[in-house]
Amino acid sequence: MEVLTDSKSSTPVLLPNAELMTLLAKDVKANKKRMDYEINKQKKKDRKNGSDRKVKNRFEHRDWIQEHVLEYLKGTPCVNIPKSKLKELKTKCMSKGTSSCASTKKKRRTALSDSSSPQRKQSPGYGLTEAETLQVLNFMPQEPVEIHLMVDDLHDRMSETKQEEFLGMIRSYNKAVETPTNAKKANLPAAEEVVDDSIEMLEQAGNQALNEDGDTDMKVKEEI
């Protein structure tokens, strides 16, 4: 099998499972197409020679591994990442927060220097390594305990607030996580059915009441 390497060096490239799925899907499709071609070619030969030979797959073991790995990956959390957002999520995980000075003033030795020191604004970024980012993309963690297993020295690198922010950012890229908006949309059909049933029951009750009033009027007239 081909080893994917960096164009500038011979270092193997680390691929997230989502990208690996795309490559495997292409390979599996190409393998089936190749086998179909060889089978049809052999059938034509058999018709001419009057024989019946089975086509042996020379890459049977490789094809089996690729198909089963692909099936396994389809059941993992990596399928919940939109392909168009994969690169964006990876960049956010690996980028580091940079600081910029809003104003510059001379340092003073007095206590006033603390109040007049320039304010710093941090840009979003979590500073994960490539290996840590790879695990995040593969498993899409949703709980703090999960990122503790994936990120080294998490307490020293992220505050609890930053950790919650990080998890929230990951959830925003996870299609399997139900958002309040989606929940409302999902409940709308059920709510509409309840309203329709209630209206129908009220109409039936009203019609029944009218029928009873009509029967009462008829009885009164007959008695008169």
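The protein chain exposes about 17800 Å². Carbon and sulfur atoms supply 53% of that area. I note here that the model is predicted.

**Entry: fold**

I went through the secondary structure next. I count 9 helices and 2 strands in the protein chain. I then read the order along the sequence, which is α-α-α-β-α-β-α-α-α-α-α.

**Entry: burial and contacts**

I checked how much of the protein chain is buried. The figure is 23% of 224 residues. I also looked at contacts between residues at least 6 apart in sequence. Of these, 66% join residues at least 24 apart.

**Entry: cysteines**

How many disulfides does the structure hold? I find 0. Cys 78 has a relative accessible area of 1%, so it counts as buried. Cys 93 is at 0% relative accessibility and therefore buried too. The cut-off I apply to both is under 20% relative accessible area.

**Entry: cavity**

I searched for cavities of 30 Å³ or more and got a count of 1. About 40 Å³ of space lies in the largest cavity. Which residues line it? I list Leu 14, Pro 16, Lys 90, Glu 130, Thr 133, Leu 134 and Leu 137. Helix α5, residues 130-139, gives the largest share of this lining, with 4 residues. I sorted the lining by class: 4 residues are nonpolar, 1 is polar and 2 are charged. Lys 90 and Glu 130 are the charged ones. Thr 133 is the polar one.

**Entry: Asn 174**

I turned to a loop residue. Where does Asn 174 lie? I place Asn 174 in the loop between α8 (160-172) and α9 (180-223). Is Asn 174 buried or exposed? Its relative accessible area is 6%, which is under the 20% cut-off, so I record Asn 174 as buried. I then looked for its contacts, leaving aside neighbours within four places in sequence. Asn 174 is in contact with Asn 80, Met 140 and Gln 142.

**Entry: recap**

I close with the items I would look up again. The chain has 9 helices and 2 strands. The structure holds 0 disulfides, and Cys 78 is buried, as is Cys 93. Helix α5 supplies 4 residues to the lining of the largest cavity. Asn 174 is a loop residue and is buried.

Definitions and conventions
Residues numbered from 1 in each chain as written. Predicted model: local features only at pLDDT ≥ 70, side-chain atom pairs only at ≥ 80, totals over all residues. Heavy atoms only, no water. Buried < 20%, exposed > 50% of the residue type's maximum accessible area, 1.4 Å probe, protein only. Contact = heavy atoms within 4.5 Å. Areas by Shrake-Rupley, 256 points an atom, 1.4 Å probe, with all protein chains shown as cover. Disulfide = S-S within 2.5 Å. 1 Å grid on protein atoms, 1.4 Å probe; cavity = no way out; pocket = protein on both sides within 12 Å on 5 of 7 lines; lining within 4 Å. Points joined across faces, edges and corners; volume = space filled by probe spheres on them.
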